[in-house]
Structures are given as C-alpha cells and as structure tokens.
Amino acid sequence: LTILLIPMAVVIWRMKIPLEDLGITRRNLRQSVLEGLYFSVILVALLSLLMVLLVATGLNAPPTFAFNLGGTLAYAAHSFLQELLARGFLQSSFQRFLNDERGVRSVVLASMMFGMFHINYGPSAVALTTVGGFVFGAIYMRHRNLAGVTILHVTGGVAAYMLNLM
C-alpha cells in the first residue's frame, strides 16, 4: 500500500487535485455515514450466512471470534488509505480519464484493482474484495465521500476476519 500511496501523493500534489475531489470532504457526510452503517449491517448478516454455510458444508473451520483492538484500529487506518487509493484516486481518475459519466466502467476497473490488492490472501479473498469493491464503488459514486465506504470496508474486513472467511 505504501508503494502505491507515495506516487499517488506525488500525482495529487503535482496536479493540484483538491481533497474534495478525492472524497475527503464534509459534503454529503451524513448521508455517506448513514449509508455506510446501513450497508454494514447487511454485509455482516451476509458474511455470517456465508460462514454458516461454509462451516455446515465442511469447507471452512468454525470461527474463533478473536478480537484485537489495536489491530482493528490499525486496520481502520489501513482501510481509509485503501479507499482513498481505490475510490478517491483511482476510481475518480478513471472516471475523468475515460469520460465515464455514469461511472460504471470506472467502478469495475477500480474494483478489479482493489481485489488484486488482496492477492496475498488467496483467490477467495480476491473474489470477495472485488465484489466488495463493486459495492464500495457504487456507494462512493452516490455521495463522493469516503466516510461511508470506509465504515463499510472496516466493518466488512473485521467481520470477514473474525468469521474466518479471510
């Protein structure tokens, strides 16, 4: 992530891209946060159902529900930086570069790259995060604010880890 953040920061600085264009804004903050919380509840329910199905079929070991506050806080910061890179920078840049008014192609491209960022966790993690990226990208398109997608990313990532899905 650091290897990608340094050139991203240089491009942002050299092109004088305003932070608001990257989703770091108070505009639409309330809607973004509420939507992030709402979709987090749905995501945790879906991940829990997936875990139950995988355990019942013997494809996954039961979860241990181990929680680490320090690790979770570090993951929250890491998730924000991933969302800044994937949604704020890449997706927004793709949208400008491709003249993608609706943003569909930009969401797909950024989500595929986002999934590949998780290749070190295996193919199932790539698939899960790519699909998650489609959802995150669509939510980001609605409000152009990173708050909601960061909440959703943290919640989904912590839940997937605690449910032994990653």
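Close-up 1. Arg87 is buried, with a relative accessible area of 0%; here buried means under 20% relative accessible area, exposed means over 50%, and partly exposed lies in between (1.4 Å probe, protein chains only). Glu83 is likewise buried, its relative accessible area being 0%. Arg87 and Glu83 form a salt bridge whose closest N and O atoms are 2.8 Å apart; the term denotes a side-chain nitrogen of Lys or Arg within 4 Å of a carboxyl oxygen of Asp or Glu. Because these residues are four positions apart in helix α3 (residues 69-97), about one helical turn separates them. Helices are DSSP runs (H or I, at least four residues), numbered from the N terminus. The model is predicted: local features need pLDDT of at least 70, side-chain atom pairs count only at pLDDT 80 or more, and totals for chains, interfaces and linings use all residues. Residues are numbered from 1 along each chain as its sequence is written, and side-chain values use heavy atoms, with hydrogens and water left out.

**Close-up 2. Arg87 over the ring of Phe114.** The charged end of Arg87 sits over the ring of Phe114, at 4.7 Å from the ring centre. This description requires NZ of Lys or CZ of Arg to be within 6 Å of the ring centre and within 35 degrees of the ring normal. Phe114 is buried, with 2% relative accessible area.

**Close-up 3. The aromatic pairs.** Two aromatic pairs are found in a search of the whole structure. Rings of Phe, Tyr and Trp (its six-membered ring) pair if their centres lie within 6.5 Å; planes under 30 degrees apart count as stacked, over 60 as edge-to-face and the rest as tilted. The ring centres of Tyr38 and Phe39 are 5.2 Å apart and the planes stand at 70°, so this pair is edge-to-face. Tyr38 is exposed at 53% relative accessibility, whereas Phe39 is partly exposed at 28%. Phe114 and Phe136 also form an edge-to-face pair, with 5.9 Å between centres and 65° between planes. Phe114 belongs to helix α4 (residues 104-116) and Phe136 to helix α5 (residues 123-143), so their pair ties together parts 22 residues apart in sequence. Phe136 is buried at 8% relative accessibility.

**Close-up 4. Further salt bridges.** The whole structure contains four salt bridges. One of them joins Glu20 and Arg27, with the closest N and O atoms 3.5 Å apart. Glu20 is partly exposed at 40%, and Arg27 is partly exposed at 39%. Another joins Asp100 to Arg105, at 3.9 Å between the closest N and O atoms. Asp100 is buried at 6% relative accessibility, while Arg105 is partly exposed at 45%.

Technical notes
Helix = DSSP H or I, 4+ residues; strand = E, 2+ residues; numbered from the N terminus.
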